[in-house]
Amino acid sequence: MLRLLLAFVLVVMAMGKGCCPPKAWEGFVGTMSGFMKDGKPHSSKGLLMYHTNDTLGMVDSEGDIIIDRLLTLKIRIIKDNNKMIGYNIMNGKCTKKTLVRKELDCIPENATLVRSTYLGAGPETLAVKVYRFMDGDTEVYSTVTSSGCIPLDHVLTGIHPDTKAEFIGVEQVSGITVGVKDPSVFDIPSICPSSGVSSDYVTTMSLWMSSVVLIAKLIV
Ligand SMILES: *[C@@H]1O[C@H](CO)[C@@H](O)[C@H](O)[C@H]1NC(C)=O
Ligand SMILES: *[C@@H]1O[C@H](CO)[C@@H](O)[C@H](O)[C@H]1NC(C)=O
């Protein structure tokens, strides 16, 4: 069951053509998600440092994820959108998998502009646009700055691409700076397999969980 819980941190940073953020940026991404599994509600929340360079096709996110308010996991996820390979690093172990789909960098062309509005009040406002689009079986509402298409938040509902379970998720982006100060965040750690067959999702997650099995038993 825990591998299902973990899957919910692998959410989408979605953005499309015409409305695209800077090619490279970094910032904090707060995530929250909720879902039902075997008739029981579960939650995950986390704060990740996120780095992306769309020219390289690389995304790195690292930070803490808390599952069911009980279990804190330090994770790092690196995605290579050109090679369609993802690396998951947790508890000193690294696994490699084939990506189900590319991480979107822009709001898709066919997204609906739901509304143009603002955050804040009076003179302290930020003009924003809310877009709606489908990403596979997930409905996404993305709020971005009207000028520059800088991501602010994403609300996701639907079927998770990895687990095929229904879920809701929120991602909030803050502290963004343009560019990536330390390009080595995209280096694949030496503990990661350099070649060979990519492990499938289930193998990845069961490896991740091997050292937290005791806690897992407590919350199942
Ligand atoms: C936009 O296009 C994608 C694929 O090209 C499709 O899956 C989606 O349903 C379309 N509509 C919206 C509103 O996202
Ligand atoms: C992104 O990657 C490209 C290609 O390697 C590189 O030329 C560029 O400097 C990178 N941008 C940042 C901000 O790191």
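**Reading contacts, sheet and shells**

Reader: Leaving aside neighbours within four places in sequence, which residues is Cys19 in contact with?

Author: Contact requires C-beta atoms, placed from the backbone, within 7 Å. On that test Cys19 touches Cys106, Ile107, Val144 and Cys149. This is a predicted model: local features need pLDDT of at least 70, side-chain atom pairs count only at pLDDT 80 or more, and totals for chains, interfaces and linings use all residues. Residues are numbered from 1 along each chain as its sequence is written, while chains are lettered from A and ligands numbered from 1 in the order in which they are written.

Reader: Which residues make up the largest nonpolar core?

Author: A core joins buried Ala, Val, Leu, Ile, Met, Phe, Trp, Tyr and Cys through C-beta atoms within 7 Å. Buried means 20 or more other C-beta atoms within 10 Å of a residue's own. Here five residues qualify: Cys19, Ile107, Ala111, Tyr131 and Val144.

Reader: In what order do the strands of the sheet run?

Author: Strands are DSSP E runs of at least two residues; two pair if DSSP finds at least two bridges between them. The order is S6-S5-S4-S3-S2-S1-S11-S10-S9-S8-S7, open and antiparallel. S6 (93–98) and S7 (112–121) stand at the edges with a single partner strand each, so one side of each lacks a neighbour in the sheet. S1 (24–37) and S2 (40–53) share 14 bridges.

Reader: Which residues surround ligand 1?

Author: Near means a C-beta atom, placed from the backbone, within 6 Å. Pro108, Asn110, Ala111, Thr112, Phe133 and Met134 surround ligand 1.

Reader: And which surround ligand 2?

Author: Ala24, Asn53, Thr55, Leu56, Gly179, Val180 and Pro183.

Note on methods. A residue is buried if 20 or more other C-beta atoms lie within 10 Å of its own, exposed if 12 or fewer, and partly exposed in between; C-beta atoms are placed from the backbone. Two residues are in contact if their C-beta atoms, placed from the backbone, lie within 7 Å. Helices (H or I, at least four residues) and strands (E, at least two) are DSSP runs, numbered from the N terminus.
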